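Here is a short report to read alongside the model. Please keep the sequence and the 3D view open as you go.

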Amino acid sequence: MNAPDDYCEMCDLPRSTCIHGRPPVVAEKKAKAPTPRKRQAPVRAKRSASPAAGSPATRTVAPRLTAADVFKPLIVTMLEEAGGTLETEDALAMLELLTEGSLHSGDHERMPTGELRWQYAARRAQIALIDEGVLKKAPGLWQLSGSR
């Protein structure tokens, strides 16, 4: 038989099976995840104060993409000639004709969404013109506002 102190006074069960008589469970220490390192900025070589002619510091590089601001006057002119309103597909088709031969090499590449880069720039120009009050916000349409 078990001795009287082998039973728990709180639950009247043997200490080997009672929750009161068991030693507390020590939680295992979790391995601490290493803190990610911060990336350091690449070290760039210093340029001399007066670069030699023809050196990379004096050469101008042609832009790879057409800026959205280039499309703004074209959009306004195109819409004025079209009577003030065009559907989005028609507006982009007309812009393509207006900019034919003047777009940069990267403008004909596709964005990750599948859209051509020059079309994305044209839409950004359209949004900027809406913010300036030149165009109205109309779904599926490019429309001049009457308050110009």
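## The buried side of helix 1

In this predicted model, the buried residues of helix 1 are A68, F71, K72, I75, V76, M78 and L79. Buried here means under 20% relative accessible area, with exposed over 50% and partly exposed in between, using a 1.4 Å probe and protein chains only. Helices (H or I, at least four residues) and strands (E, at least two) are DSSP runs, numbered from the N terminus.

What do the buried residues of helix 1 pack against? Their partners are strand 1 (85-87), helix 2, helix 3 (117-132), strand 2 (135-138) and strand 3 (141-144). Contact means heavy atoms within 4.5 Å.

Helix 1 itself has 14 residues and spans 21 Å from its first C-alpha to its last, close to the 20 Å expected at 1.5 Å a residue; that expected span is 1.5 Å times one less than the number of residues. After helix 1 comes G83, with a positive phi near 95°.

## Helix 1 meets helix 2

The axes of helix 1 (residues 68-81) and helix 2 (residues 88-98) come within 11 Å and cross at roughly 115°. These axes are lines fitted to C-alpha atoms over the stretch in contact, and angles run from 0 to 180 degrees between N-to-C directions. The crossing of helix 1 and helix 2 is right-handed, a term for the near helix being turned clockwise from the far one by less than a right angle.

On the helix 1 side, F71, L74, I75 and M78 take part, and they meet A91, M94, L95 and L98 of helix 2. The residues of this contact divide into eight nonpolar, no polar and no charged. Ala, Val, Leu, Ile, Met, Phe, Trp, Tyr, Cys and Pro count as nonpolar, Asp, Glu, Lys and Arg as charged, and the others, Gly among them, as polar.

## An exposed loop proline

P139 sits in the loop between strand 2 and strand 3. P139 counts as exposed because its relative accessibility is 82%.

## The whole chain

The protein chain has three helices and three strands, running α-β-α-α-β-β from the N terminus on. Buried residues make up 24% of its 148 residues.

## Notes on the model

Residues are numbered from 1 along each chain as its sequence is written. Local features need pLDDT of at least 70, side-chain atom pairs count only at pLDDT 80 or more, totals for chains, interfaces and linings use all residues, and side-chain values use heavy atoms, leaving out hydrogens and water.
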